[in-house]
Amino acid sequence: MEHWLIGVFASIDAGLGVKLEVVRDLGIKTIQLHTPHKKKRTPENAAAFKKQLSDYGITITTVFLGFEGESYETIEITAKTVGFVPPSTRSARLTEAFEISDFAKLLDVTAIGSHIGFIPHDRNSSDYKEVVETIRRLCDHLLKNGQTLHLETGQESVDSLLAFINDVQRDNLFINFDPANLILYGIGNPIGALKTVGRYVRGVHCKDALATTGKPGVDWGREVPFGTGQVNAELFLQTLHEIGYHGALTIEREIPEEPQRQKEEIGQAVQLISQLKTKILNI
Ligand code: MG
């Protein structure tokens, strides 16, 4: 596949991300797809969807897990509702993740992305061990489908994430690096973090943010268009080049309430990334 294909985070129903028509209009050729709702994950829909993507000339690089009841309203609510960490929904979500993996296989997709949530910090606690075991089981299911699991960065320090990956001990476990999340969640400098986890990075989000002026880790930072925040877009891509990352550059801009502005800003991000590609890769 071509080096650094530009992508965008998309959905085909009311999930996160832009609609396919927007992807087509902007001339973008790859997407990370937020999983469709359960009712839509049928073999018939997979076939119809594949046909539509092929007509538009779009390839899916990753299917992202998403579950009923998840909310990113505040950092505290995120911790209580997102991913595989909340105990009350853990096993049901694991079962659903298997189904999403099977659906992604019907779409010929070989990577599954996931926010796993705020991993418990005590590595000796039963809660931590249960999350590790859950991700092992997920990786094992994905392996049968020829898929890798890409953990989204943001909710953990990269050192905690690396310790977790070590504890899971599965060869198909990698990272989807979102530099803006480190700023939004108040974790720290994304460029240093990217260098630390470089060998695990198999997907990225081109997203930008400004740190909170309130309490880091308690109050959200603010998401802004790529290239206008504190990520430093050029240094981010330069660092991706240095760590040998060749995969897709997937733009993420989550302002579904303003679709026109969302489309414009994604278009601007495409231009910026194209210019930086030329500059950094000499192409
Ligand atoms: Mg992201």
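1. Asn232 counts as partly exposed, with a relative accessibility of 40% (buried means under 20% relative accessible area, exposed over 50%, and partly exposed in between, with a 1.4 Å probe and protein chains only). Its phi is near 70°, a positive value in a residue other than glycine. Asn232 sits in the loop between strand E9 (222-224) and helix H9; helices (H or I, at least four residues) and strands (E, at least two) are DSSP runs, numbered from the N terminus.

2. A word on the basis of these remarks: this is a predicted model, in which local features need pLDDT of at least 70 and side-chain atom pairs count only at pLDDT 80 or more, while totals for chains, interfaces and linings use all residues. Residues are numbered from 1 along each chain as its sequence is written, and side-chain values use heavy atoms, with hydrogens and water left out.

3. Asp108 has phi near 65° and is a residue other than glycine; it lies in the loop between H4 and strand E4 (111-114). At 55% relative accessibility, Asp108 counts as exposed.

4. Now the overall picture. The protein has 10 helices and 10 strands. Its radius of gyration is 18 Å, close to the 19 Å that the globule rule gives for 283 residues, so the protein is as compact as a globular protein of that length (the radius is taken over C-alpha atoms, and the rule is 2.2 Å times the number of residues to the power 0.38). The C-alpha trace spans about 50 × 45 × 35 Å along its principal axes. Of the 283 residues, 54% are buried.

5. On contacts (heavy atoms within 4.5 Å), residues 24 or more positions apart account for 72% of those with a separation of 6 or more. The protein exposes about 12,700 Å², of which carbon and sulfur atoms supply 51%; accessible areas come from the Shrake-Rupley method with a 1.4 Å probe, and for residues only the protein chains shown count as cover.

6. Do have a look at the pair H8 (residues 190-197) and H9 (residues 233-242), which pack at an angle of about 10° with their axes 10 Å apart. Axes are lines fitted to C-alpha atoms, for helices over the stretch in contact, and angles run from 0 to 180 degrees between N-to-C directions. H8 and H9 are therefore roughly parallel to each other (under 35 degrees; over 145 is roughly antiparallel, 65 to 115 roughly perpendicular and the rest oblique). Ile191, Leu194 and Lys195 in H8 meet Leu235, Phe236, Thr239, Leu240 and Glu242 in H9. By class, this contact has 5 nonpolar, 1 polar and 2 charged residues; Ala, Val, Leu, Ile, Met, Phe, Trp, Tyr, Cys and Pro count as nonpolar, Asp, Glu, Lys and Arg as charged, and the others, Gly among them, as polar.

7. H8 turns up again beside H6 (residues 158-168). The buried residues of H6 are Val158, Leu161, Leu162, Ala163, Phe164, Ile165 and Val168, and they pack against helix H5 (126-144), strand E5 (148-152), strand E6 (173-177) and H8.

8. Arg93, in helix H4 (residues 87-106), is buried, with a relative accessible area of 5%. Leaving out residues up to four places away in sequence, Arg93 touches Phe67, Glu68, Gly69, Glu70, Thr81, Val82, Gly83, Phe84 and Pro86.

9. Ile58, in the loop between helix H2 (43-56) and strand E3 (59-64), is buried too, at 6% relative accessible area. Ile58 and Lys29 are 29 residues apart in sequence and 4.6 Å apart in space, C-alpha to C-alpha.
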